[in-house]
Structure formats: structure tokens, C-alpha cells
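Hi there,

Here is the structure I promised to pass on. Have a look at it first, and then read my notes below.

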Number of protein chains: 2
Amino acid sequence: MAERVAGPEIERLIQLLARLPGLGPRSARRAALHLIRKREELLSPLAEAMAVARDRVTTCSTCCNVDVSDPCAICRDGRRDGSTLIVVETVADLWALERAGVGGALYHVLGGVLSPLDGVGPDKLSFEKLVTRVAEGAVREVVLAVNATVDGQTTAHYLTDLLAPHSVKVTRLAHGVPVGGELDYLDEGTLAAALRQRTPF
Amino acid sequence: MAERVAGPEIERLIQLLARLPGLGPRSARRAALHLIRKREELLSPLAEAMAVARDRVTTCSTCCNVDVSDPCAICRDGRRDGSTLIVVETVADLWALERAGVGGALYHVLGGVLSPLDGVGPDKLSFEKLVTRVAEGAVREVVLAVNATVDGQTTAHYLTDLLAPHSVKVTRLAHGVPVGGELDYLDEGTLAAALRQRTPF
């Protein structure tokens with residue numbers, strides 16, 4: 001599938017598109033043709049949007065979110081409650097929580113999770129920045145919204161130890177039955193956790 | 001899934017990426033973050049490749065292929081046999097035939113197939129250009145490499161009639177068992193065609 005059959009300029013576009021997550025060589029070719037066919041409606045604005053992202057998007061020096069301004073729009077939002085800090089692994093997780101509309105708090109993006117096998121130690125993640133923010137004193141509660149995976153939970157434990165010297169409440173997301181989920185399809189661990197942490201009806 | 005949670009610049013990138021075939025809203029978000037994370041290796045070259053495509057890619061005025069030159073590289077390739085013209089529906093089909101390495105001939109891209117229900121009549125496709133090319137006299141054989149769909153076959157019949165006044169041989173791709181295919185999984189129409197058109201072993 002890797003043979004070059006179009007001209008070098010179009011082939012280069014295809015090769016680069018194929019490196020996007022979710023696109024393989026075949027769909028990259030389809031995407032390239034689609035772009036060429038929709039030059040005015042899609043190719044031109046997309047090239048422009050990418051140039052803007054390349055030139056202006058930066059990482060927030062406070063929370064490590066991505067935005068065209070530093071501090072990012074969330075950190076600058078005066079209506080948010082600065083006493084609660086939601087710690088997430090990635091910007092995608094931050095977006096997921098924002099979509100859930102529970103926002104109102106500030107975030108801290110770790111940039112990943114501890115993973116000794118992949119060579120990801122505490123120095124590769126924004127732990128130091130998090131401790132500095134907490135040490136400044138305004139934060140009352142740190143919500144560890146990391147994934148419920150082994151690496152995520154290891155990271156949560158590590159962060160709990162790291163934050164222990166500071167007078168800050170450390171919480172984590174509740175385990176339980178997903179809204180709309182059917183019990184029959186849930187794993188035993190989740191069901192047991194949901195039963196243990198049952199709430200008044 | 002359509003809520004805007006990132007800044008307007010990043011949201012615009014996501015919205016445009018989501019319009020690529022093969023990417024939905026969720027994978028467009030993943031792709032946008034991937035691009036931002038790989039600014040130097042991917043975002044920057046892709047923005048550049050798209051700008052090149054936007055500014056330089058054009059449609060070949062001879063065969064309707066896409067390339068940065070007109071006539072396209074295939075039409076300009078002196079080693080190709082100008083007496084055989086392979087008629088395809090789309091540039092993607094042209095690329096598929098080129099990958100098969102049977103090239104050596106010239107192409108003519110129709111730009112689609114006749115489809116009265118979708119309002120695609122002969123005037124919307126490059127039929128006139130094809131007839132002009134054939135009328136010039138160098139073409140000895142026109143291979144109708146259109147898809148084996150109802151619309152494709154309708155188009156093939158229409159083209160056969162259109163080319164009848166010209167002294168040119170009109171052929172079509174063979175029907176038969178796909179290489180590597182198992183008989184048990186083939187439809188009856190293909191099997192019947194393969195048996196009718198059996199060849200000496």
C-alpha cells in the first residue's frame with residue numbers, strides 16, 4: 001500500500017495525513033482526494049487553521065493545558081473556583097470533563113502517567129508544577145481525575161504521598177455504575193465498588 | 001459531542017478535521033491534540049503540504065487527473081503507450097490501477113458515473129473531453145475500467161454508444177475470481193462470469 005503513484009507533492013500530503021491517529025494509508029488517500037476536491041471549503045481553511053495552531057498554540061505555564069494564550073482561557077477565567085484543582089492525565093481528559101459541564105474548577109494536566117517500563121518518571125510529568133501551585137495556598141482540594149488503570153492509580157498514590165505535607169484535601173473520582181449502564185455487562189470490580197459506596201436514594 | 005470546550009482556534013481545527021472522511025468528532029479531537037503535540041514533526045509539515053496542495057495542485061486539462069502540473073506527469077510520460085486509454089471513474093481508481101503496476105497506458109478520469117437520481121448527467125462528467133481525445137486518432141483501444149456497479153455499467157454502456165462512431169476498440173475489465181479469493185465466498189454472478197470466460201490452463 002506504500003507505493004507512490006501520485007506526484008511527490010500529493011504523495012507527501014498522503015504520507016503526512018496517514019500519520020494522524022485514526023487514518024491509515026487507504027483513508028489518508030481518500031482524505032487527500034477529498035481535500036483536493038473541496039479546495040475552497042475545506043483544504044484552504046484547514047491549511048490556515050493548522051498554520052494558526054502551529055504559530056500560536058502554546059502550553060499554559062500554569063496548568064499545562066493547550067491554548068493560544070498563556071495563561072490559558074480556563075486559568076484566566078475569574079468565575080472559576082480556584083480552591084479546587086482537578087488533576088487529569090491529558091488535555092483530552094480536561095476536554096471530557098469540560099464537556100460534562102461540571103467545570104467551575106481549575107485543572108492541572110499531568111501530561112501522562114508514571115510508567116517505569118516506558119521510562120516515564122515523575123520528572124517527565126508536571127508534578128513539580130502541581131506541588132508549587134498547591135504550596136501557594138489557595139487550593140483547598142485536589143481531585144485526582146486520573147484514569148482507573150494500573151498506571152493511573154499508581155500515579156494517584158504517588159501524588160497523594162507528594163501532596164501529604166500540604167494541608168490540602170485529596171479526593172478521587174467515584175467508582176460505580178456508568179449512567180445508562182447495565183449491571184449484567186459490568187465487571188465484578190466495578191459492581192463491588194458501586195455496592196460498597198452505595199448512596200441514599 | 002459538539003460542545004466547544006477548547007479555545008476557538010483549536011475548536012476550528014477540530015471542526016475542520018472532523019470533516020475529513022474517516023474522522024468523526026472524537027477522532028478529530030484526538031488528531032488535533034496529536035498534531036499540537038507533534039508540532040515540529042507533523043503539524044508544521046502538514047500545514048505546509050496542505051498549503052502546497054491548495055496553491056499548486058490542479059486538474060489535468062487532458063485526462064482530469066490531479067497533479068501540480070498540467071498536463072499531469074502521467075500524460076507527459078513519453079514512455080507510456082498513447083494508443084491505449086484506460087477510463088476510470090475517479091482519481092482514486094487511477095491510483096489503484098497504477099499501484100497494480102499494469103500502467104504503461106494513459107488514463108481518462110470521468111469524475112464520477114451517470115446517476116440520474118443524483119442529477120449527474122453526461123454534462124457533469126468529462127465525456128466530451130474523452131470523445132475529443134479519441135477523435136484525435138492516436139487512441140486504438142479504450143478500456144472502460146469503471147466499477148462493476150449498476151451506475152458504473154450504465155455509464156459503460158453510454159460510453160460505448162458514444163464511442164461507436166469512432167474506429168476504436170472498446171473493452172472492459174474481466175469479471176472473475178479475485179486473486180486469492182475463495183469460491184465459497186463469491187456471489188453467483190461472479191462465479192457464472194468466471195466460468196463462462198474460463199481461460200486455458
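What follows is a short tour of what turned up. Please keep in mind that this is a predicted model.

Let me start with the sheet in chain A. Four strands make up an open, parallel sheet, in the order 4-3-5-6. Strand 4 (105-109) and strand 6 (169-172) sit at its edges, each pairing on one side only. From one strand to the next, the twist averages 25°. Inside the sheet, strand 3 (residues 81-88) and strand 5 (residues 141-144) of chain A are joined by four bridges in the parallel sense. On that pairing, A:Leu85 stands opposite A:Val142 of strand 5.

Two helices of chain A go with these strands. Helix 5 (residues 91-99) packs on the sheet and touches strand 3 and strand 4, its direction making about 160° with that of strand 4. Helix 6 (residues 127-135) lies across strand 3, strand 4 and strand 5, and runs at about 150° to strand 4.

Next, the core. The largest nonpolar core has 117 residues, and A:Trp95 and B:Trp95 are among those with the most contacts inside it. B:Trp95 touches residues of chain A, including A:Ile10, A:Ile14 and A:Leu33, as well as B:Asn65 and B:Val66.

Last, a loop residue. A:Pro71 lies between strand 2 (66-67) and helix 4 (73-76) of chain A. Is A:Pro71 exposed, partly exposed or buried? A:Pro71 counts as partly exposed because its relative accessibility is 32%.

Happy browsing!

Key
Residues numbered from 1 in each chain as written. Chains lettered and ligands numbered in written order. Predicted model: local features only at pLDDT ≥ 70, side-chain atom pairs only at ≥ 80, totals over all residues. Heavy atoms only, no water. Core = buried A, V, L, I, M, F, W, Y, C linked by side-chain atoms within 4.5 Å. Buried < 20%, exposed > 50% of the residue type's maximum accessible area, 1.4 Å probe, protein only. Contact = heavy atoms within 4.5 Å. Pairing = 2+ DSSP bridges. Axes fitted to C-alpha atoms, helices over the stretch in contact; angles between N-to-C directions. Lists of a residue's contacts leave out its neighbours within four places in sequence.
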